[in-house]
Amino acid sequence: MSRSTLLLVSLSLLLYAGAAAATATAAVPRFREAPHFTNSAGGAARCPPPLPPTTGADAACSPNAAVHVAMTLDASYLRGTMAAVLSVLRHASCPESVHFHFLAAAGPPSSTTADLAAAMRGSFPSLTFRVYPFDESRVAGLISASIRGALDRPLNYARSYLATTLPPCVRRVVYLDSDVILTDDVASLAATPLPDGTAVAAPEYCGANFTSYFTPGFWASPALSSTFRGRRACYFNTGVMVLDLPRWRRAGYTAQIEGWMQLQKRVRIYDLGSLPPFLLVFAGRIAAVEHRWNQHGLGGDNYRGLCRGLHAGPVSLLHWSGKGKPWDRLDAGRPCPLDAVWAKYDLLRPDAGIDSL
């Protein structure tokens, strides 16, 4: 190969690498800075001292935080995460004492952990948070194809690894999906009573058809269906949960979830991504939370994502679970009525109206 050819090849490689880096950087949208919310003074709030703004692997654990909140973080859903964080702070009695923990999908083609952390810091300069790179290879080989491709993203399974990822000083954490908006104080959700031995609290929906979450083959097998014997198993949505991490670790729940996923690879027993393994381990064994804390299904079903309204009753959290995401519908000019609530917290749009919150 001639010197000129080598130079051309080298130049091409450099240009390709530069383009790839630019693509990775461009994958993180630009967001506005959010308003700063301060702790309530005295009264019933009685907030811990404000936490110092921290980020990175060496961030303090903050055992005295008012609430620990865990979420996932990637470029595809970052816009939703930003809105969710803003809603938590807007309605918290102690916003300066909330510590966020973000499990991030790191590396191209998504983005780097540093890119995601920088975006979060740019919008929330005073926020206390830590970003944890999630090793997607740990779960990628366990994932089976489901009814919708977005449900098969390895980061959807990161919630199963919170107990082995977060530092030991985090004993109780509120897990939130990236497509939620809170309209109430997250501390009320975090304070949900967890009876002895119970590691998970979430709203239960016992009127849902529980059998539909598993295949006919599962129910036809006595060895498998007997899993729920003696349990009042009800559907619950894993997008909003309160977790007791020491109890989770002692019971080895991550290994139990992985065990069901391994079985699914051999014998198909469900069709819906990361939810059924949670149901297999926890249904009938969780502490119930009021339904107002997960007004879910606002994204419609997993096929068409049509508009849906709220369930009857009060609302403390709106959840756009399902195919239709409010940011996509707003950008397409075809929003559903409730997407206007989400738009108030959208930090990407200059006309989002956050200054009036």
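**Reading a predicted model through its definitions**

Analyst: In this protein, 75% of the contacts with a separation of 6 or more are between residues 24 or more positions apart; a contact means heavy atoms within 4.5 Å. This is a predicted model, in which local features need pLDDT of at least 70 and side-chain atom pairs count only at pLDDT 80 or more, while totals for chains, interfaces and linings use all residues. Residues are numbered from 1 along each chain as its sequence is written, and side-chain values use heavy atoms, with hydrogens and water left out.

User: How many helices and strands does the protein have, and what makes a run count as one?

Analyst: There are 13 helices and 11 strands. Both are DSSP runs numbered from the N terminus: a helix is H or I with at least four residues, and a strand is E with at least two.

User: Why is D177 called buried?

Analyst: Buried means under 20% relative accessible area, exposed means over 50%, and partly exposed lies in between, with a 1.4 Å probe and protein chains only. D177 has 15% relative accessibility, and therefore counts as buried. This residue sits in the loop between β4 (172-176) and β5 (180-182). Leaving out residues up to four places away in sequence, D177 touches M71, R159, G239 and H319.

User: What makes the pair D177 and H319 a polar contact?

Analyst: A polar contact is a pair of N or O atoms within 3.5 Å; within protein, one must be able to donate a hydrogen and the other to accept it, and residues adjacent in sequence count only if both atoms are side-chain atoms. The side chains of D177 and H319 make such a contact at 3.5 Å.

User: Why do S160 and T215 count as buried?

Analyst: S160 has 4% relative accessibility, so it counts as buried. T215, at 10%, therefore counts as buried too. S160 lies in the loop between α4 and α5 (162-165), and its contacts beyond four places in sequence are W248, T254, I257 and F278. T215 belongs to the loop between β7 (204-205) and α7 (216-220).

User: How do you know that the buried residues of α3 line one face of the helix?

Analyst: The buried residues of α3 (residues 113-123) are T113, L116, A117, A119, M120 and S123. Seen down the axis, they fall within an arc of 160°, so they line one face; the arc is that of the directions from the helix axis to the C-beta atoms. These residues pack against β1 (67-73), α2, β2 (98-104) and β3 (128-133).

User: What makes a group of residues a nonpolar core, and how many residues has the largest?

Analyst: A nonpolar core is a set of buried Ala, Val, Leu, Ile, Met, Phe, Trp, Tyr and Cys residues joined through side-chain atoms within 4.5 Å. The largest has 55 residues, and those with the most contacts inside it include M120 and F124. Helix α2 (residues 78-91) gives the largest share of this core, 8 residues. Apart from this core lies another, of 51 residues, among them A105, L162, V200 and Y205. In soluble globular proteins, nonpolar side chains tend to be buried together.

User: How do you know that the length of α10 is close to the expected one?

Analyst: The expected span is 1.5 Å times one less than the number of residues. Helix α10 (residues 253-266) has 14 residues and reaches 21 Å from its first C-alpha to its last, close to the expected 20 Å. Its buried residues, including Y253, W260 and M261, pack against α4 (137-140), α8 (222-225), α9 (245-251) and α11 (275-282).
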